[in-house]
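Open the model in your viewer and get ready to click along. Would you like a short walk through it, one selection at a time?

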Amino acid sequence: MTVSLVWAQDLAGAIGKANTIPWRVPEDMARFKELTGTGAVVMGRKTWESLPPKFRPLPGRRNVVVTRNAGFEAPGAETVGGLSEALDLTGGVASVMGGGEIYTAAMEFATQLRVTEIDVLVEGADAFAPEIDADVWTLADRGDWETSRTGTRYRFVDYRRAAR
Ligand SMILES: NC(=O)c1ccc[n+]([C@@H]2O[C@H](COP(=O)([O-])OP(=O)(O)OC[C@H]3O[C@@H](n4cnc5c(N)ncnc54)[C@H](OP(=O)(O)O)[C@@H]3O)[C@@H](O)[C@H]2O)c1
């Protein structure tokens with residue numbers, strides 16, 4: 001299995017506020033596009049709904065939406081009732097792209113974490129990254145801080161599952 005969890009978080013682990021991402025770092029969006037390539041992306045129903053209609057489904061990738069609502073319609077995407085079903089559908093190769101609930105549910109299946117740290121502290125955040133347990137995850141790479149063209153600092157930090 002190659003299951004990558006791909007997220008951006010603030011310095012305290014916040015990933016969202018009021019069903020949006022509370023910063024603008026186009027370089028992170030570009031990296032997301034590069035990492036997800038032409039593969040499958042798995043997301044929660046709320047993250048699907050957070051995408052502007054003209055940007056969904058994400059082009060060139062198989063879009064899989066996880067929901068407990070069997071009647072939910074996501075035109076251009078496939079809907080499934082859980083994470084293991086999503087991974088069955090994608091042959092165990094997928095990028096999980098949020099949000100908070102789905103990252104937490106996907107941690108047990110994840111083989112790598114591709115995190116962007118954003119040098120901000122968001123007030124009033126309501127979605128959070130999962131905990132990265134140091135007994136389970138090894139730091140694979142920590143990039144230098146860079147400055148976005150929007151002025152916000154960010155860096156890329158990757159983890160891989162420690163050998164068991
Ligand atoms: N910074 C980032 O990298 C990043 C990335 C993505 C999203 N976000 C942000 O994250 C926030 C959304 O995250 P969220 O935690 O509120 O919602 P979410 O994880 O996107 O979606 C939650 C929904 O997924 C379904 N779900 C969750 N766990 C499930 C399970 N085990 N089995 C079946 N279905 C399940 C449920 O849908 P139903 O209610 O339909 O059953 C649930 O309401 C937004 O603010 C978004 O902008 C940030």
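**Stop 1: the whole chain**

Keep in mind that this is a predicted model. Show the protein as a cartoon and you can look for 4 helices and 11 strands. Now switch to the C-alpha atoms, which fill a box of roughly 40 × 40 × 30 Å along the principal axes. How does the radius of gyration fit the number of residues? A compact globule of 164 residues would have a radius of gyration near 15 Å, and the protein has 15 Å, so the two agree.

**Stop 2: the ligand and its pocket**

The ligand sits in the largest pocket. Several elements give two or more residues to the shell around the ligand: strand 1 (2-9), strand 2 (14-16), helix 2 (45-50) and helix 4 (100-106). Which of these gives the most? Color helix 4 to see the answer, as this helix supplies 4 residues.

**Stop 3: the residues around the ligand**

Now display the side chains of the shell. There are 27 residues surrounding the ligand, and the closest are A8, R45, T47, T67 and R68.

**Stop 4: backbone contacts**

- Move to I102, where a backbone N or O atom is 3.2 Å from an oxygen atom of the ligand.
- Go on to K46, which has a polar backbone atom 3.4 Å from a ligand oxygen.

How much of the ligand does the protein bury? Taken alone the ligand exposes 930 Å², and the protein buries 87% of that.

**Stop 5: details in the loops**

The peptide bond from R56 to P57 is cis, with omega near 0°. P57 belongs to the loop between helix 2 and strand 4 (62-66).

Another cis peptide bond is found between G98 and G99, with omega about 0°. Look for G99 in the loop between strand 6 (93-96) and helix 4.

Finish at A18, in the loop between strand 2 and helix 1 (26-36). What is the phi of A18? A18 has a positive phi of about 50°, although this residue is not a glycine.

Conventions: Residues numbered from 1 in each chain as written. Predicted model: local features only at pLDDT ≥ 70, side-chain atom pairs only at ≥ 80, totals over all residues. Heavy atoms only, no water. Near = heavy atom within 4 Å. Polar contact = N/O pair within 3.5 Å; in protein donor to acceptor, adjacent residues only side chain to side chain. Areas by Shrake-Rupley, 256 points an atom, 1.4 Å probe, with all protein chains shown as cover. 1 Å grid on protein atoms, 1.4 Å probe; cavity = no way out; pocket = protein on both sides within 12 Å on 5 of 7 lines; lining within 4 Å. Sits in = over half its atoms within 2 Å of the grid points. Rg over C-alpha atoms; globule rule 2.2 N^0.38 Å.
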